[in-house]
Amino acid sequence: MQNSNDLPLKDIIILEFCQYLSGPAAGLRLADFGARVIKIEKINGGDACRKLAIKNLWVDESSLLFHTINRNKESFAADLKNEADIQKIKNLIAEADVIIHNFRPGVMEKLGLSYKKVVQINPKIIYATISGFGTEGPWKDKPGQDLLIQSLSGLVYTTGNQMDNPTPFGLAIADIMAGSHIVQGILAALIRRNITGKPALVEVNLMESILDFQFELLTTYFASGKLPKRSLLNNAHPLLSAPYGIYPTLDGFIAIAMTPIHKIAEIIDCPELNNFEESDVFKERDAIKLILTQFLKQETTEFWTAKLVPKDVWCMPVLDWKQMIEHEGYRSIKMEQSFVTKSGTSITTTRCPIRWNDNILSSEKPAPELGEHTDSLTNEFKLAKA
């Protein structure tokens, strides 16, 4: 485990006015970097994610998801409609380096905690916001929910095969990307502040993050005016030609990336593929993939990888999580970490994927109970002063 005194954001104080996924995921990454992240939660219920269970899994009366993305943080419970509590928050803001919130546009303004107001309290503050669609335009008041963002952005027409219905990613990709983008913006703002002493307003929204995620597809659309067309079968990327895709074998599946079609034909001894020119691999993509699909079903995944890998063909077996976790390749990267909750329950989750000075970034500090640090923070920063 990395020495906390050597972490890049040591002594940086982050106030996280966030719930659900995008903001808390950003706060988690900053905590992994050594920042002191304090969740500002409402007294009754706290972060709504505490009650958003994934697969109906609960730990210590909060959802497993909450524990997963809120480890290594502190919790300060406040009634944001109470003037005395708002004053405590303002006193805490005066001591902070960064504020993150993912409320809908206008909420922080109603609380008297807009960027303009907060800069008056702390002239060096980094004020970071995540919203669904930003603060302008006809979508600005719509709910910033991941599935809805994927659906509006066209992303659902990149996954699945040509005849499939629109198919969303099987995870909250818009939330994850927005959380990553806000971290990038915060780090840039901290560097600038260190040089100039100036505050910054950093704004990210889920829609723009998911559009950026599709930059290569959108760029081709801007240039051609043509919508991407998914493969009829084995689609993996609507802009790439055959053989790019995942194919069934006798006992599983094999993923094949960019490879000359004649090279594969020779290695696997499939002369039917030689009926196509290399220039045909996009125009005849479905026909080529159909031949490969029928041919590769004749032998096992291990049989094909044993033929293709030594010839430098980019291919891999398709693993489920159980198979992946049992593989030495996975075990060697030590991607798991565990922590123990206040009740003594052990939770295993993934660690920060970034290494620092040859060390893995991990933390054994569990997610906080609601308001667990309210009293200690009040005393430490003298928040109750007039």
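**Notes on a predicted model**

Trainee: Start with Ser63: which strand is that in?
Mentor: Strand β4, residues 62-63. Keep in mind that this is a predicted model.

Trainee: Is Ser63 buried or exposed?
Mentor: Ser63 has a relative accessible area of 0%. The cut-off for buried is under 20%, so Ser63 counts as buried.

Trainee: What does the side chain of Ser63 reach?
Mentor: The backbone oxygen of Cys49, at 2.8 Å.

Trainee: And which residues is Ser63 in contact with, leaving aside neighbours within four places in sequence?
Mentor: Cys49 again, plus Arg50, Leu52, Ala53, Leu57 and Trp58.

Trainee: OK, zooming out. How many helices and strands does the protein have?
Mentor: There are 15 helices and 15 strands. The C-alpha trace spans about 85 × 50 × 40 Å along its principal axes.

Trainee: What share of the residues is buried?
Mentor: 45% of the 386 residues.

Trainee: And the contacts with a separation of 6 or more: what percentage comes from residues 24 or more positions apart?
Mentor: Such pairs account for 69% of them.

Trainee: Now helix packing. At what angle do α1 and α7 pack?
Mentor: About 45°, with the axes 8 Å apart. Helix α1 covers residues 22-32 and helix α7 covers residues 173-196.

Trainee: Why quote both an angle and a distance?
Mentor: Because a pair of packed helices is described by the angle between the axes and the distance between them.

Trainee: What does that angle make α1 relative to α7?
Mentor: Oblique. The crossing of the two helices is right-handed.

Trainee: Which residues make that contact?
Mentor: From α1, Ser22, Ala26, Arg29 and Leu30. From α7, Asp175, Gly179, Ile182, Val183, Ile186 and Leu187.

Trainee: How does the contact of α1 with α7 split by class?
Mentor: It has 6 nonpolar, 2 polar and 2 charged residues.

Trainee: Last topic, Phe381. Where is that?
Mentor: In the segment after α15, the helix at 374-380.

Trainee: Buried or exposed, that Phe381?
Mentor: Phe381 is at 12% relative accessibility, so it counts as buried.

Trainee: Which residues does Phe381 touch, not counting those up to four places away in sequence?
Mentor: Ile13, Arg36, Leu92 and Glu95.

Trainee: How many residues apart along the chain are Phe381 and Glu95?
Mentor: They are 286 residues apart along the chain, and their C-alpha atoms are separated by 7.8 Å.

Definitions and conventions: Residues are numbered from 1 along each chain as its sequence is written. This is a predicted model: local features need pLDDT of at least 70, side-chain atom pairs count only at pLDDT 80 or more; totals for chains, interfaces and linings use all residues. Side-chain values use heavy atoms; hydrogens and water are left out. Axes are lines fitted to C-alpha atoms, for helices over the stretch in contact, and angles run from 0 to 180 degrees between N-to-C directions. Helices (H or I, at least four residues) and strands (E, at least two) are DSSP runs, numbered from the N terminus. Angles under 35 degrees count as roughly parallel, over 145 as roughly antiparallel, 65 to 115 as roughly perpendicular and the rest as oblique. A crossing is left-handed if the near helix is turned anticlockwise from the far one by less than a right angle, and right-handed if clockwise. Contact means heavy atoms within 4.5 Å. Ala, Val, Leu, Ile, Met, Phe, Trp, Tyr, Cys and Pro count as nonpolar, Asp, Glu, Lys and Arg as charged, and the others, Gly among them, as polar. Buried means under 20% relative accessible area, exposed over 50%, partly exposed in between (1.4 Å probe, protein chains only). A polar contact is a pair of N or O atoms within 3.5 Å; within protein, one must be able to donate a hydrogen and the other to accept it, and residues adjacent in sequence count only if both atoms are side-chain atoms.
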